[in-house]
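Hi,

Here is the structure I said I would pass on.

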Amino acid sequence: VSTQSTGLFSNRLHHVLWFMAAEKKKDSELVRMFKDLVAGTVGGVALCLVGHPLDTLKVRLQTQPSPPLYSGLVDCFVKTVKWEGYSGLYKGVASPLIGQMAFNAVQFVAYGQAKELVKTEKQRVSGEDLTVSQYFTAGLLTGFAVSFVEGPIDLVKSQMQVQIFNEKATAHSAPAGEQIRFTSVFDCAKQLYVRRGVVGLYQGLGSTILRDVPAVGCYFGFYELTKRYLVDMKQAQINHKKERGEEVSEPVAKADTSILLAAGGMAGIGYWTLIYPLDVIKSSMQGDSIIKDKRKYKNIVDCAAKLFQQGGVSMFFRGFTPAILRAVPANAACFLAYEKTLQMIG
């Protein structure tokens with residue numbers, strides 16, 4: 001009886017310890033998600049404040065009517081300031097500012113979960129870092145997930161940014177049919193919802209997914225690749241100093257501010273360089289009329305065909321200069337804010 005009691009007690013103790021370990025792991029995962037949520041939110045604010053003016057110029061150059069309203073980046077900047085003041089550069093900023101807080105929070109949480117998903121059993125046990133290809137794969141999965149958050153945000157932002165085209169057109173001619181004007185990003189979102197329900201908020205979703213899956217894969221892949229390369233290079237310099245008997249203040253290399261900024265900038269370049277034509281299609285579809293019967297583009301293929309007929313290959317690179325000029329500082333600020341916030345909250 002004593003032996004049976006001991007065995008029963010040992011068995012129950014094992015289950016209790018297993019349950020406690022599982023709960024501890026669960027809590028640690030929730031804590032990690034919360035940290036990604038907070039840090040991603042801060043990163044989103046930094047990205048939006050730094051990058052929105054150039055994003056406005058990019059969208060206007062991408063979606064301007066024919067004949068074009070702007071001859072180039074500088075002309076777009078000058079006319080925007082002349083017609084709307086410097087505040088025109090932040091047209092529609094409320095949508096991405098609020099949206100980027102939510103979007104980046106979701107993006108970094110999703111990325112954290114995607115990294116766990118692509119880990120091998122060996123990596124889970126040993127704590128070994130992911131391979132570069134795994135980082136890219138985690139980014140691809142993240143891109144699909146965040147498309148459903150980013151789609152409505154970009155739609156409202158784009159509608160606000162291209163509204164100037166309708167204003168200039170009606171100023172020189174009689175209004176043709178129903179003219180829609182949005183007084184704010186919230187009014188825009190409301191009108192989209194009233195007219196077509198939730199579906200109206202997802203105008204251009206297919207093109208958003210088509211862009212985001214490869215773009216976000218490159219975004220995180222290039223970030224991790226650059227950061228790893230620069231840290232390894234820094235470690236090699238430290239090891240070289242040790243071999244020569246020199247004193248080193250940092251025996252193990254870490255990603256400092258300059259490395260984080262460089263990696264964030266490369267993430268932005270990786271994101272925009274490889275998928276820019278897809279972004280032009282997305283912006284064109286989201287900047288199209290919210291009234292279905294008045295839209296120029298039926299679907300992604302139709303949009304691409306009409307853009308090509310309108311101006312050839314060059315049509316798919318309109319606004320590329322402001323996009324790249326924005327990509328480096330905005331994403332450098334985003335990742336720096338994200339990583340520093342993670343450090344602060346432990």
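**What turned up**

Let me start on the outside: Val 74, Phe 77, Val 78 and Tyr 86 make a nonpolar surface patch with about 420 Å² of accessible area together. (Patch residues have over 30% relative accessible area and no salt bridge, and nonpolar side chains are joined within 5 Å; a salt bridge is a Lys or Arg side-chain nitrogen within 4 Å of an Asp or Glu carboxyl oxygen; areas are Shrake-Rupley values with a 1.4 Å probe.) Val 78 sits in helix α2, residues 73-84, and is partly exposed at a relative accessible area of 44%. Here buried means under 20%, exposed over 50%, and partly exposed in between.

Some background: this is a predicted model, where local features need pLDDT of at least 70 and side-chain atom pairs pLDDT 80 or more, while totals for chains, interfaces and linings use all residues. Residues are numbered from 1 along each chain, and side-chain values use heavy atoms, leaving out hydrogens and water.

**Overall**

The protein chain has eleven helices and zero strands, taken from DSSP runs (H or I, at least four residues, for helices; E, at least two, for strands). Of its 346 residues, 44% count as buried.

**The inside**

The largest nonpolar core has 39 residues, and Tyr 219, Phe 220, Tyr 271, Leu 307 and Phe 335 touch the most other members. (A core joins buried Ala, Val, Leu, Ile, Met, Phe, Trp, Tyr and Cys through side-chain atoms within 4.5 Å.) Helix α9 gives the most to this core, with ten residues. A second, separate core of eleven residues includes Leu 155, Val 156, Met 160 and Ile 180.

**Rings**

There are 17 aromatic pairs in the whole structure. (Phe, Tyr and Trp rings, the six-membered one for Trp, pair if their centres lie within 6.5 Å; planes under 30 degrees apart are stacked, over 60 edge-to-face, the rest tilted.) Tyr 219 and Tyr 271 form an edge-to-face pair, 5.6 Å centre to centre with 80° between the planes. That pair links helix α8, which holds Tyr 219, with helix α9, which holds Tyr 271, 52 residues apart. Both Tyr 219 and Tyr 271 are buried.

Tyr 276 and Phe 317 have ring centres 6.4 Å apart and planes at 20°, so they count as stacked. Tyr 276 is in helix α9, and Phe 317 lies in the loop between α10 and α11. Which of these two is buried, and which is partly exposed? Tyr 276 is buried at 0% relative accessible area, whereas Phe 317 is partly exposed at 40%.

Technical notes: Buried means under 20% relative accessible area, exposed over 50%, partly exposed in between (1.4 Å probe, protein chains only). Patches are made of residues with over 30% relative accessible area and no salt bridge: like charges are joined within 9 Å, nonpolar side chains (Val, Leu, Ile, Met, Phe, Trp, Tyr) within 5 Å.
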